[in-house]
Amino acid sequence: MEPKRFLIVEDDIESCKILNIVLADYDLTVVHTLASAKPEFQDRHFDVFMLDNWLPDGSGIDFCREIRSSHPDTPIIFTSAAAQKDNINEATAAGASHYLIKPYDPFELQEIVKYLLTSPAQTSSRIG
């Protein structure tokens with residue numbers, strides 16, 4: 001069985017290094033801007049999307065809405081330092097499956113990923 005494919009949109013290089021270790025069992029495509037993410041999104045299939053809320057060239061929430069419009073059941077996980085209730089609610093309304101506040105426990109992320117990949121369509125958001 002081929003490993004599940006992730007599109008990770010994260011501008012923090014240290015976070016990317018951690019994700020490469022924590023999610024080593026998966027096929028990861030890591031980009032640092034929305035401009036880099038959009039061609040990947042259009043050209044390839046992904047089983048999970050991981051987004052940061054604030055990116056150098058736009059909003060992860062806006063990209064989440066774009067993903068949801070064509071992939072209503074694909075898990076979308078936010079990992080962001082944006083911990084304000086408004087940010088979390090906006091991501092949830094846009095279709096986030098889960099919202100993890102940085103810094104987060106890498107083992108918790110692994111459990112969330114396993115849960116989202118083995119459960120039926122996840123459209124409700126949980127905060128961790």
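Reader: Which residues are linked in a network of salt bridges?
Author: This is a predicted model, in which local features need pLDDT of at least 70 and side-chain atom pairs count only at pLDDT 80 or more, while totals for chains, interfaces and linings use all residues. Residues are numbered from 1 along each chain as its sequence is written, and side-chain values use heavy atoms, with hydrogens and water left out. A salt bridge is a side-chain nitrogen of Lys or Arg within 4 Å of a carboxyl oxygen of Asp or Glu, and a search of the whole structure finds nine salt bridges. The residues linked in the network are Glu 10, Asp 52 and Lys 102.

Reader: In which helix do Lys 17 and Glu 14 both lie?
Author: These two residues form a salt bridge whose closest N and O atoms are 3.3 Å apart. Lys 17 has a relative accessible area of 46% and Glu 14 one of 48%, so each counts as partly exposed, the class between buried (under 20%) and exposed (over 50%), with a 1.4 Å probe and protein chains only. Helices (H or I, at least four residues) and strands (E, at least two) are DSSP runs numbered from the N terminus. Lys 17 and Glu 14 are three residues apart, about one turn of the helix, and both lie in helix α1.

Reader: At what N to O distance do the side chains of Glu 40 and Arg 44 meet?
Author: Both partners are partly exposed, Glu 40 with a relative accessible area of 23% and Arg 44 with one of 33%. Their side chains meet in a salt bridge, and the distance from N to O is 2.9 Å.

Reader: What is the angle between the planes of Phe 41 and Phe 63?
Author: A pair of aromatic rings is described by the distance of the centres and the angle of the planes. Rings of Phe, Tyr and Trp (its six-membered ring) pair if their centres lie within 6.5 Å, and planes under 30 degrees apart count as stacked, over 60 as edge-to-face and the rest as tilted. A search of the whole structure finds five aromatic pairs, one of which joins Phe 41 and Phe 49 edge-to-face, at 5.8 Å centre to centre and 65° between the planes. Phe 41 and Phe 63 also form an edge-to-face pair, with 5.5 Å centre to centre and an angle between the planes of 80°.

Reader: In which helices do Phe 41 and Phe 63 lie?
Author: Phe 41 and Phe 63 are both buried. The pair ties together parts that are 22 residues apart in sequence, because Phe 41 lies in helix α2 (residues 34–43) and Phe 63 in helix α3 (residues 60–70).

Reader: Over the ring of which residue does the charged end of Arg 5 sit?
Author: Ring pairs link Phe 41, Phe 46, Phe 49 and Phe 63 into a cluster. A charge sits over a ring if NZ of Lys or CZ of Arg is within 6 Å of the ring centre and within 35 degrees of the ring normal. The charged end of Arg 5 is 5.2 Å from the centre of the ring it sits over, which belongs to Phe 46.

Reader: With the side chain of which residue does the side chain of Asn 53 make a polar contact?
Author: Asn 53 is placed in the loop between β3 (48–51) and β4 (54–55), and at 2% relative accessibility Asn 53 counts as buried. A polar contact is a pair of N or O atoms within 3.5 Å; within protein, one must be able to donate a hydrogen and the other to accept it, and residues adjacent in sequence count only if both atoms are side-chain atoms. The side chain of Asn 53 makes such a contact, at 3.1 Å, with the side chain of Tyr 99.

Reader: How far apart in space are Leu 34 and Ser 59, C-alpha to C-alpha?
Author: Leu 34 is found in helix α2 and, at 8% relative accessibility, counts as buried. Leaving aside neighbours within four places in sequence, Leu 34 is in contact (heavy atoms within 4.5 Å) with several residues, including Val 9, Ser 59 and Phe 63. Leu 34 and Ser 59 are 25 residues apart in sequence, and their C-alpha to C-alpha distance is 8.1 Å.
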